[in-house]
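Today I opened a new structure and kept a notebook as I went. Come and read along with me.

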Amino acid sequence: MGTSHRHKAGPIGSPNWGASSSAVTSIANNEIAATKLENDPLLNMQPEVVERKQSLYLKRIRRQYHKAVRSIIRAAGGRDEVSSGRSRAIGRAGVVWAIGLSNAFQEITEQGLWTWLTRKGIDQGERKSCREILTIIEDFVKDYFAGLDETAASEALEHVMDKVEQKAHGDSDQLEIAFSTIINHDEIKDLLDEFFGIYIYSHLSQNFKEKLEKYKNIEIADATMEDIKDLILDDVHRGVVGRSAERVDWKGSEGENFIKSEFNRIIQILTNNED
């Protein structure tokens with residue numbers, strides 16, 4: 001699992017970093033107001049008034065979430081720097097591990113899972129569980145790069161492996177079929193999109209959740225970050241259009257270019273098409 005220290009995407013006090021921090025705080029304030037509207041009987045409002053106000057709070061939350069992502073990406077050098085992996089604050093580990101992940105999935109599909117494990121020097125004397133095998137694959141992906149933002153990349157990688165485990169129904173005998181389906185039926189793109197969505201979410205959480213816990217409370221901080229995660233994944237799932245990934249060679253430059261382009265597209269979606 002990730003062991004790197006917390007870091008900031010840009011200098012503390014810089015306009016973009018401060019704007020992202022303010023946006024996250026605004027989301028928390030709107031969460032508080034929306035919760036009070038639902039649970040405070042003393043407000044004594046008509047249902048249609050409550051519904052109208054709730055809709056307003058939700059619009060504010062979505063607008064501020066886009067601002068938070070947009071500002072933290074700017075603090076890290078901008079969309080092109082981040083999506084290309086040139087930014088070591090946000091982007092480098094995400095891109096490198098996404099390349100390693102897709103590379104591993106293709107190798108497993110081509111070689112077969114058990115052959116792949118043997119070639120990696122894994123002792124198969126004892127039967128391994130689905131989760132144990134996925135952890136082995138995670139560890140090989142993590143060997144591609146260690147840097148400032150590996151904690152965020154690790155959270156994103158674990159999210160993807162959880163999805164693979166679900167697809168295999170937790171059965172190690174079904175893993176090979178799961179990997180083959182993911183690679184051969186364009187599902188790899190959906191997993192990469194979620195990888196990058198969780199990767200960006202994790203950077204927001206690392207940078208600003210602690211502040212919310214300090215100035216609000218843990219419950220509000222948890223609810224705020226969970227809401228941001230849900231919004232990110234919702235936007236990622238809505239933005240499913242794009243180039244097919246069915247015939248991409250993930251082990252070459254074609255795969256690397258696809259991943260960088262897809263990351264760029266996801267950032268555009270999460271920033272509401274504003275750089």
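**The core**

I began with the largest nonpolar core, and of its 79 residues, Phe 105 and Ile 137 touch the most other members. I noted what such a core is: a set of buried Ala, Val, Leu, Ile, Met, Phe, Trp, Tyr and Cys residues joined through side-chain atoms within 4.5 Å. Buried means under 20% relative accessible area, exposed means over 50%, and partly exposed is in between (1.4 Å probe, protein chains only). The largest share of this core, twelve residues, comes from α9. Helices here are DSSP runs of H or I with at least four residues, numbered from the N terminus.

Before going on, I wrote down that this is a predicted model, where local features need pLDDT of at least 70, side-chain atom pairs count only at pLDDT 80 or more, and totals for chains, interfaces and linings use all residues. Residues are numbered from 1 along each chain as its sequence is written, and side-chain values use heavy atoms, with hydrogens and water left out.

Next I looked up what Phe 105 is in contact with, leaving aside its neighbours within four places in sequence. I found Val 160, Met 161, Val 164, Phe 179, Ile 182, Ile 183, Ile 188 and Leu 191. Contact means heavy atoms within 4.5 Å.

**Helices α1 and α9**

I then turned to α1 (residues 15-39) and α9 (residues 187-215), which pack at an angle of about 60° with their axes 10 Å apart. The axes are lines fitted to C-alpha atoms, for helices over the stretch in contact, and angles run from 0 to 180 degrees between N-to-C directions. α1 and α9 are therefore oblique to each other.

On the α1 side, the contact is made by Trp 17, Ser 20, Ser 21, Val 24, Thr 25 and Ala 28. On the α9 side I listed Leu 204, Asn 207, Phe 208, Lys 211 and Leu 212. By class, this contact of α1 with α9 has six nonpolar, four polar and one charged residues. For these classes, Ala, Val, Leu, Ile, Met, Phe, Trp, Tyr, Cys and Pro count as nonpolar, Asp, Glu, Lys and Arg as charged, and the others, Gly among them, as polar.

**Helices α2 and α10**

How do α2 and α10 pack? Their angle is about 80°, and their axes are 11 Å apart. α2 and α10 are therefore roughly perpendicular to each other. I saw Ile 61, Arg 62, Tyr 65 and His 66 in α2 meet Asp 227, Ile 228, Leu 231, Ile 232, Asp 234 and Asp 235 in α10. These residues divide into five nonpolar, one polar and four charged.

I stayed with Asp 234, whose place is in α10 (residues 218-238). Asp 234 is partly exposed, with a relative accessible area of 27%.

In α2 (residues 47-75) I also picked out Gln 54. Is Gln 54 buried or exposed? Gln 54 is buried, with a relative accessible area of 14%. Not counting residues up to four places away in sequence, Gln 54 touches Ala 34, Leu 37 and Glu 38.

**Positive phi values**

Last, I checked Asp 186, a residue other than glycine with a positive phi near 70°. Asp 186 sits in the loop between α8 (175-184) and α9, and is buried at 18% relative accessible area. Asn 272, not a glycine either, has a positive phi of about 60°. Asn 272 is found in the segment after α11 (253-270), and is partly exposed at 42% relative accessible area.

Key. Helix = DSSP H or I, 4+ residues; strand = E, 2+ residues; numbered from the N terminus. Parallel < 35°, antiparallel > 145°, perpendicular 65-115°, else oblique.
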